[in-house]
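Here is a briefing on strand pairing, helix packing and salt bridges. Keep the structure open while you read.

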Amino acid sequence: MLKKKGILCAWLLGALCMMMSCANEQEVKTRVIAHRGYWTCEGSAQNSIRSLERASEIGAYGSEFDVYLTADSVLVLFHDDKIGGRHVAEMTYAELSDTILENGEPVPTLDQFLERAKSLPDIRLVYELKVHPTPERDRLAAQASVAMVEAKGLADRTDYISFSLEACKELIRLAPDAKVFYLNGELAPEELKAMGFAGLDYHFSVLEKHPEWIDACHELGMEVNVWTVDEKPKMEELIGQGVDYLTTDYPEEALSLTERAR
């Protein structure tokens, strides 16, 4: 009789452990992405190599960065679409190379940036391909981007995002195993799923209008990223809603909140 009770207790304990394990696996844990790297700290700057290093040092899940293809087909990191009234994508690299970031670094090429990323294995790369003047240049930029990421051996650590639907379609075609997210905000989860996206990456104001899209994405096996969330109450709200990723200019503050929520 005691032996049977022992077996029953062991079975119940095993079942309880399994249930707890499944619950933990199903729990949504929001991961923090440093917007344009971690640049809101001393010695850093947006889209600089130092911003990537700092994002890695604080333990952020990912570092987002912005990339243009110049007129002479060099991939460079830069956010604003114009310098001195000229579109970045219509300038040559020589014309851009003298531009100095706020921390004293020159504008980095994608080659330089990815080379440094290779030695920072714990940070995920969230690659925003910027919008170019024509759909043809969007496609060409996507092709050059995937080729360089693959050449650097970083395909398994790189997610792609873009406001350009044309670029996204090309990224999905060229890198079918990569996660590609759309930024613009007008497409519902079902539409994104049909096009092959891994999920949505929308401004938080879009999800304020469509909070149901969070659960809809998860039901479709897709993920939800939200940008750019810099206020603590909004961070807490979105973490509570179960978004998968939170992109912010203040990753240390967001990390403290996500740790507290677990």
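A crossing is left-handed if the near helix is turned anticlockwise from the far one by less than a right angle, and right-handed if clockwise. Helix 5 and helix 6 cross in the right-handed sense. The model is predicted: local features need pLDDT of at least 70, side-chain atom pairs count only at pLDDT 80 or more, and totals for chains, interfaces and linings use all residues. Residues are numbered from 1 along each chain as its sequence is written, and side-chain values use heavy atoms, with hydrogens and water left out. Helices (H or I, at least four residues) and strands (E, at least two) are DSSP runs, numbered from the N terminus.

**Helix 5 with helix 6**
- The axes of helix 5 and helix 6 (residues 165-174) come within 8 Å and cross at roughly 35°. Axes are lines fitted to C-alpha atoms, for helices over the stretch in contact, and angles run from 0 to 180 degrees between N-to-C directions.
- Helix 5 contributes Pro135, Asp138, Arg139, Ala142, Gln143, Val146 and Glu150 to the contact, and helix 6 contributes Glu166, Ala167, Glu170, Leu171 and Leu174. Contact means heavy atoms within 4.5 Å.
- This contact has 6 nonpolar, 1 polar and 5 charged residues. Ala, Val, Leu, Ile, Met, Phe, Trp, Tyr, Cys and Pro count as nonpolar, Asp, Glu, Lys and Arg as charged, and the others, Gly among them, as polar.

**Helix 2 with helix 4**
- Helix 2 (residues 49-57) packs on helix 4 (residues 110-117) at about 25°, with the axes 10 Å apart.
- Helix 2 and helix 4 are therefore roughly parallel. Angles under 35 degrees count as roughly parallel, over 145 as roughly antiparallel, 65 to 115 as roughly perpendicular and the rest as oblique.
- The crossing of helix 2 and helix 4 is right-handed.
- Ile49, Leu52 and Glu53 of helix 2 touch Gln112, Phe113, Arg116 and Ala117 of helix 4.
- By class, that contact has 4 nonpolar, 1 polar and 2 charged residues.

**Helix 10 with helix 11**
- The axes of helix 10 (residues 232-241) and helix 11 (residues 251-261) come within 10 Å and cross at roughly 40°.
- Helix 10 uses Lys232, Met235, Glu236 and Ile239 to meet Glu253, Ala254, Leu257, Thr258, Arg260 and Ala261 in helix 11.
- The contact has 5 nonpolar, 1 polar and 4 charged residues.

**Strand pairing**
- Strand 1 (residues 31-34) pairs with strand 11 (residues 245-248) in the parallel sense over 4 bridges. Two strands pair if DSSP finds at least two bridges between them.
- Arg31 stands opposite Tyr245 in strand 11.
- Strand 1 also runs parallel to strand 2 (residues 62-69), joined by 2 bridges.
- Ala34 has Ser63 of strand 2 as its bridge partner.

**Salt bridges**
- The count comes to 16 salt bridges, each a side-chain nitrogen of Lys or Arg within 4 Å of a carboxyl oxygen of Asp or Glu.
- Lys152 forms a salt bridge with Asp111, with the closest N and O atoms 3.0 Å apart.
- Lys152 lies in the loop between helix 5 (135-151) and strand 7 (158-162) and Asp111 in helix 4, so the pair ties together parts 41 residues apart in sequence.
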